[in-house]
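Please view the sequence and the structure first.

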Amino acid sequence: MSFTLGPSILFVPGDRPDRYAKALERADAIIIDLEDAVASVDKAAARAALIANPMDPARTIVRLNPAGTEDHDSDLEALEQTEYRTVMLSKSESVADFDTLTDLDVIALCETARGVLAATSLAALDCVVALMWGAEDLVASLGGSSSREDSGPYRGVALHARSSVLLAAGAYSKAVIDAVHLDIADTDGLAAEARDAAALGFTATACIHPSQVAIVRESYAPTVEQIASARALLAAAESQPGVFSFEGRMVDGPILRHAECVVARAGLREGCPDHSSTQ
């Protein structure tokens with residue numbers, strides 16, 4: 001199993017089927033949300049809309065309600081009437097949450113304290129193809145009221161959770177999706193976070209508004225200068241037997257891998273991890 005969707009993945013409320021196709025036209029993939037984006041009284045309508053309005057299953061993810069709830073069971077019943085086989089499990093917290101999902105490709109959404117602490121064990125599951133983290137539910141699970149400083153950046157506990165989920169995914173060669181940026185008007189903040197995510201190895205960034213898609217795509221794409229530098233470094237390495245100096249900088253295996261990933265992100269060369277699961 002592998003997960004290669006991204007870098008822009010756009011949430012769309014399950015009870016707004018009029019937005020499904022428009023969202024898929026804009027983004028690399030969509031998440032049809034049956035959980036937080038849908039009020040309790042509208043969840044049945046959202047499931048009916050999911051069934052009645054099929055999108056490309058190769059580019060569509062269905063966000064399920066948490067395991068152990070009646071809504072979760074109803075979501076799975078609706079899912080069986082579609083061709084969708086990639087799902088996101090809200091509030092993933094334990095291996096047992098995935099017992100009924102073993103025949104699906106699952107994104108484990110670690111958005112509570114228990115979920116973040118369980119990220120490594122969840123990443124090890126065969127059915128899990130990717131992990132995602134969430135800041136707002138996490139802070140709520142801690143009894144807090146804000147995931148960010150007044151100036152915009154994440155508070156320390158949110159950054160710790162982000163890093164923990166990234167490391168857990170990397171340990172099992174799984175893809176990893178960065179959290180949404182709720183301040184739609186803060187385009188500079190979104191761009192900075194997306195650039196950071198790409199540099200650290202995130203596969204994609206989730207979006208909540210169509211206007212965020214282009215920003216995420218541009219931020220994940222290496223610049224012309226970065227591509228040229230990476231290609232020059234890799235070319236120089238072809239005539240070097242081991243560690244060498246390039247433009248005043250020591251170059252060894254990890255640095256070459258960094259350059260390979262830059263070129264791979266630009267679509268020019270294989271070499272960056274494809275997050276295929278070998279577990």
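The buried residues of helix 3 pack against helix 2 (43-52), strand 3 (60-64) and strand 4 (86-89); contact here means heavy atoms within 4.5 Å. The model is predicted: local features need pLDDT of at least 70, side-chain atom pairs count only at pLDDT 80 or more, and totals for chains, interfaces and linings use all residues. Residues are numbered from 1 along each chain as its sequence is written, and side-chain values use heavy atoms, leaving out hydrogens and water. Helices (H or I, at least four residues) and strands (E, at least two) are DSSP runs, numbered from the N terminus.

Buried means under 20% relative accessible area, exposed over 50%, and partly exposed in between (1.4 Å probe, protein chains only). In helix 3 (residues 70-79), His72, Asp75, Leu76, Ala78 and Leu79 are buried. Seen down the helix axis, they fall within an arc of 160 degrees, so they line one face of helix 3; the arc is that of the directions from the axis to the C-beta atoms. Glu70 and Glu77, on the other side, are exposed.

Strand 5 (residues 105-110) has five of its six residues buried, so it is largely enclosed by the rest of the structure. Two strands pair if DSSP finds at least two bridges between them.

| Strands | Bridges | Direction |
|---|---|---|
| Strand 4 and strand 5 | four bridges | parallel |
| Strand 5 and strand 6 (residues 128-133) | five bridges | parallel |

Thr86 stands opposite Asp105 of strand 5, and Val106 has Val128 in strand 6 as its bridge partner.
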